Amino acid sequence: MFPTRMYYYVNLKMNWTNAQQYCREKYTDLATFESMDDINRLNPTFTYSWAWIGLEDDPKFWKKIMANNSNSWRWSTTGETSKTTFNIWHPSNPNNGDGKENCVILTNGKWSDLNCDTEKFFICYEVTGQNAKRYVYIKTAATWSRAQTYCRSHFTDLAMIENAAENTAASAVMPAIDEAWIGLYRVPWTWSDKSSSTFRNWRLNSPNNYMGNQYCMTESTAHDWDDDDCSMKHDFICHQVSKLRTTVRMTTLTAADLTDPATSSLFLQQSASGSSP
């Protein structure tokens, strides 16, 4: 069950980081949304164009690094981030072009991010009796998810590459100029309060990572979302998590003198254990 949140519009122009700090000091955090019910409860008290919410895709956890955050790169076969941190990105990648490049291809021995819905050849792998990886090049164009399904059905999974020797071995099974899916992917966008909510309310053609530096999320007066440069200054929305208080009412039937400290102490101990004095 998700926590109950109250939402507060703040009519102050701040960048995303300062807005986050303000919300954490005055409320709970920048706004998290779990559903359209949350969106429908928004009630701005002033006129605005765009307002920050608590969704971000911090590049320090995925750009040319194998980190261990929820938006970091993961291997298909484990669903986990890299244990070796090995990476061999193309100089201009990963760049999340058009805001939708969340899967990885191998070409000319280097890795590049690409839209997962693009159809490419792909590399599967299986583990041999010597506990080594054997890579197999499949010259059938498929989206990343369809390639993953094929590899899981016929081999172990899409290629997992954990060191330079394995990268060389995977590259050797395909022509250098070809582009092939490997098993690296990531799930972008995380909530400031670390909520696991997967709810999104994108506007048409968003996110798009325009100019390659849009890693924070805004919402419009129509309550749809668009990515923006985190250094821009906008109004913002905070949320406050409601704290539930439980009251227990007790009726006591006893002939004991509860004004006596010893009797009172015994009564409290027995009440906690569920027995009667």
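So, how much of the chain counts as buried? Of its 277 residues, 45% do, where buried means under 20% relative accessible area, exposed means over 50%, and partly exposed is in between, using a 1.4 Å probe and protein chains only. Before I go on: this is a predicted model, so to speak, where local features need pLDDT of at least 70 and side-chain atom pairs count only at pLDDT 80 or more, while totals for chains, interfaces and linings use all residues. Residues are numbered from 1 along each chain as its sequence is written, and side-chain values use heavy atoms, with hydrogens and water left out.

Okay, the overall picture. We've got 5 helices and 15 strands; those are DSSP runs, helices being H or I with at least four residues and strands E with at least two, numbered from the N terminus. The chain exposes about 14900 Å², and carbon and sulfur atoms supply 51% of that, by the Shrake-Rupley method with a 1.4 Å probe, where for residues only the protein chains shown count as cover. For contacts, meaning heavy atoms within 4.5 Å, take the ones between residues at least 6 apart in sequence: 67% of those join residues at least 24 apart.

Now have a look at strand E8, residues 120–127. Which strands does E8 pair with? Pairing here needs at least two bridges found by DSSP. With E9, residues 133–142, the pairing is antiparallel over 7 bridges. E11, residues 180–185, runs parallel to E8 and is joined to it by 2 bridges. Then there's E10, residues 157–158, antiparallel to E8 over 2 bridges. Phe 122 is a handy landmark: it sits opposite Ile 138 in E9, and its bridge partner in E11 is Trp 181. Over in E10, Asp 157 is the one opposite Tyr 125. And in the E8–E9 hairpin, with 5 residues between the strands, Asn 131 takes a positive phi near 60°.

Next, the inside. The largest nonpolar core has 22 residues, and Trp 75, Trp 111, Ile 123, Ile 161, Ile 182 and Leu 184 have the most contacts within it. By core I mean buried Ala, Val, Leu, Ile, Met, Phe, Trp, Tyr and Cys residues joined through side-chain atoms within 4.5 Å. E6 (103–107), E8, E9 and E11 each put in at least two residues, with E11 giving the most, 3. Domain 1 (5–129) and domain 2 (133–173) both contribute, so this core lies between them; those bounds come from an automatic or database domain assignment. Zoom in on Ile 182 and, leaving out residues up to four places away in sequence, you'll find it touching Trp 75, Val 104, Leu 106, Trp 111, Trp 144, Leu 158, Ala 159 and Ile 161. There's also a second, separate core of 17 residues, including Ala 31, Leu 42, Phe 46 and Trp 189.

In H4, residues 164–172, the buried ones are Glu 166, Asn 167, Ala 170 and Ser 171. Down the axis they fall within an arc of 135°, so they line one face; the arc is taken from the directions from the helix axis to the C-beta atoms. Ala 165, Thr 168 and Ala 172 are exposed on the face turned away. Cover for the buried residues includes E6, E7 (110–114), E8 and E9.

H1, residues 16–26, buries Trp 16, Ala 19, Gln 20 and Cys 23. Their arc is 100°, so these also line one face, while Glu 25 and Lys 26 are exposed on the face turned away.
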